Amino acid sequence: ALGEVTEFCGVPGIGKTQMGIQLAVDVHLPSIFGGAEGEAVYIDTEGSFMPERAAEIAQAFTTHVHKMASFRNDETSTAAANLLSTDSILQSIHLYRIHDYVEQIAVIHSLASFLDEHPNVKLVVIDSIAFHFRHNFEDFALRSRLLSSLAQRLTQIASERDVAVVLINQVTTKFGNGATHLAPALGDSWAHACTSRVMLFWEGGSRYAKLYKSPSRKCATVPYNIVADGVRGIVRKRVRQGDQENQNQNPRGN
């Protein structure tokens, strides 16, 4: 959400980067359709941003917006849709490729001046926030201080500039009560940096997103899928009451 810091975390291959790219495209949705009508900053710390994939998602997005405008059939909606194209979206995703934690800190601290020059930016994605702080970083006290400073800076940027800050995070294995479980990387103290947290996970061969921290929404879990057009929700089929009663009376269908 605008003005907040949201974290998406999950195991490799669950679709974290796909989610980040999808959001970087979706932020361009014109305001007449209920969108932010903005631009995006994408800070890539792992080299995982794929321009070709972003182009595929942007193409599907523009096609969908044109369909919405056609359905509304009014001049304002059509004009807004006609301003969108795959090229225009890609040109307004401002990409930074980061190679170490020093560069990461420098870019984040330079965001304020960049936003002054690009006031249409409504989304900042950092993919991932943890990578350069988990590898070859032996001074954990220094790491904690740097992460605390980054958290304060990102929270300030989100609130003062009214932009959405999305952090992609990795997971780590934790031990407790004789069992193991997955938890977001960077420790418990980092959890306070995020307004909302979403865990992406596999279950039964399907992808799920679980919102488990939010100041304004109830915790919930929903399925999603990744297709050629991007990240898509899965609509569960509703069983009509009469069909449900028949099924309960004859569960084997005989």
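1. A salt bridge is taken here as a side-chain nitrogen of Lys or Arg within 4 Å of a carboxyl oxygen of Asp or Glu. The model is a predicted one, in which local features need pLDDT of at least 70 and side-chain atom pairs count only at pLDDT 80 or more, while totals for chains, interfaces and linings use all residues. Residues are numbered from 1 along each chain as its sequence is written, and side-chain values use heavy atoms, with hydrogens and water left out.

2. By that criterion, a search of the whole structure gives 3 salt bridges. One of them joins the side chains of R161 and D116, with an N to O distance of 2.6 Å. R161 belongs to helix 8 (residues 140-161) and D116 to helix 6 (residues 111-117), so this pair ties together parts that are 45 residues apart in sequence; helices (H or I, at least four residues) and strands (E, at least two) are DSSP runs numbered from the N terminus. For accessibility, buried means under 20% relative accessible area, exposed over 50%, and partly exposed in between, using a 1.4 Å probe and protein chains only. R161 is partly exposed at 31%, whereas D116 is exposed at 52%.

3. Which residue does E7 pair with in a salt bridge? The partner is R197, and the closest N and O atoms are 2.7 Å apart. Because E7 lies in strand 1 (residues 5-10) and R197 in strand 8 (residues 196-203), the bridge ties together parts that are 190 residues apart in sequence. E7 is buried, with a relative accessible area of 0%, and R197 also counts as buried, at 6%.

4. The salt bridge between E56 and R53 has an N to O distance of 2.8 Å, and both residues lie in helix 2, 3 residues apart, which is about one turn of the helix. Here E56 counts as partly exposed at 44% relative accessibility, while R53 counts as buried at 10%.

5. The axes of helix 2 (residues 51-72) and helix 3 (residues 75-82) come within 8 Å and cross at roughly 165 degrees; axes are lines fitted to C-alpha atoms, for helices over the stretch in contact, and angles run from 0 to 180 degrees between N-to-C directions. That angle makes helix 2 roughly antiparallel to helix 3, a term used for angles over 145 degrees. With contact meaning heavy atoms within 4.5 Å, the residues involved are V65, H66, A69 and R72 of helix 2, together with S77, T78, A81 and N82 of helix 3.

6. Between these two helices, in the loop, is N73, which has a positive phi of about 60 degrees although it is not a glycine. N73 is exposed, with a relative accessible area of 68%. A positive phi, near 55 degrees, is also found at D162, a residue in the loop between helix 8 and strand 5 (164-169) that counts as partly exposed at 37% relative accessibility.

7. Where the backbone is checked for peptide geometry, the bond from D127 to S128 is cis, with omega near 0 degrees. S128 lies in the loop between strand 4 (121-127) and helix 7 (131-134).

Terms used
Parallel < 35°, antiparallel > 145°, perpendicular 65-115°, else oblique.
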